Amino acid sequence: MIKHLSGDYETVEYDEEKYVLLYDNDDNEAYPVHWHGEIEIIMALKNTYVVNVAGKDYSIRENDVLLIPPGELHSMPAIPGRRLIFQCDNAVLGGVPVLDPLMRGVSSAVLITPEMDKDLHILAKKTMLDIFALYSSKSELAEVKIYTGVINLLMGLREYQLEQQKAVMDIDDDKIDEYSEKFGSVLKYIDNNYMYDITLDQLANVAGYSKYHFSRIFKQYNSMSYLQYINARRTKAAELLLLEPDIPITEVAMRSGFKSLTTFNRVFKEIKHCTPTDYKKLYELR
């Protein structure tokens with residue numbers, strides 16, 4: 001069951017001095033549409049579950065693993081069976097710049113099945129079973145091992161995605177390495193300059209490509225346009241500023257790089273499914 005739901009926002013309640021949460025769940029009840037700031041991983045143990053994420057249904061068969069990104073609306077109808085539901089504090093993953101490439105791998109929900117990739121599926125299943133074993137451990141390293149397992153899973157997923165991108169884009173290892181280097185520099189540039197105006201010319205120049213080539217390849221490589229990435233980065237910055245009680249919403253918008261309050265409200269709601277004002281109020285209730 002969802003313990004704390006305000007509108008469609010769930011406040012995840014961790015046990016004392018824990019930054020992870022695991023449900024060994026056999027409830028036969030519906031979970032309404034909701035979202036939270038945590039990454040969520042679900043593995044079906046008995047029976048097949050259907051989870052709707054961002055309007056798309058995912059059928060999770062026994063031992064399949066579904067990764068749900070932070071901030072994504074999702075729901076589950078009442079289905080009997082048993083499943084593991086894992087959530088972890090996204091500040092540990094999303095707040096570390098070196099892990100940004102891994103988090104890009106879960107910009108949308110991912111269902112890991114044997115048909116998708118046998119080795120990745122084995123890794124996902126092992127990760128969830130390891131988390132299940134470690135969760136009740138009293139060892140001071142238990143949560144460290146849990147986060148290490150999650151990071152390894154995300155790394156395996158990202159490596160798989162890069163291999164798929166290489167095949168779709170019909171390029172070799174040297175070319176995918178070139179794109180990794182070039183776009184790595186571009187993303188760092190955006191991270192350092194999101195609060196200012198950023199033009200297509202500037203980003204193409206950083207990458208060393210023509211505007212047309214940059215725009216097309218960026219979207220193929222990152223599964224989103226450069227404008228979508230900039231807005232996502234600005235929204236991420238705004239989330240942190242909104243936690244500060246003394247910073248007005250308008251100032252948050254300006255400091256995050258949004259030209260107007262109207263644009264800020266629209267983009268923020270598209271990404272976080274609530275207005276900046278509502279987001280600020282939700283965190284004041286935590």
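Colleague: What order do the strands of the open sheet have?
Modeller: This is a predicted model. In it, four strands form an open sheet in the order 4-9-6-7. The pairing is antiparallel.

Colleague: Which are the edge strands?
Modeller: Strand 4, residues 31-34, and strand 7, residues 56-60. Each of them pairs on one side only.

Colleague: How are neighbouring strands turned against each other?
Modeller: By 20° on average, with direction ignored.

Colleague: What holds strands of a sheet together in general?
Modeller: Backbone hydrogen bonds, in either a parallel or an antiparallel arrangement.

Colleague: And how many bridges join strand 6 to strand 9?
Modeller: Two. Strand 6 covers residues 49-53 and strand 9 covers residues 74-76. The two run antiparallel.

Colleague: Which residue in strand 9 is the bridge partner of Val53?
Modeller: His74.

Colleague: Where does the largest share come from?
Modeller: Helix 4. It supplies six residues of the lining.

Colleague: What is the lining of this second largest pocket like by class?
Modeller: Eight residues are polar, five are nonpolar and two are charged.

Terms used:
Residues are numbered from 1 along each chain as its sequence is written. This is a predicted model: local features need pLDDT of at least 70, side-chain atom pairs count only at pLDDT 80 or more; totals for chains, interfaces and linings use all residues. Side-chain values use heavy atoms; hydrogens and water are left out. Two strands pair if DSSP finds at least two bridges between them. Axes are lines fitted to C-alpha atoms, for helices over the stretch in contact, and angles run from 0 to 180 degrees between N-to-C directions. Ala, Val, Leu, Ile, Met, Phe, Trp, Tyr, Cys and Pro count as nonpolar, Asp, Glu, Lys and Arg as charged, and the others, Gly among them, as polar.
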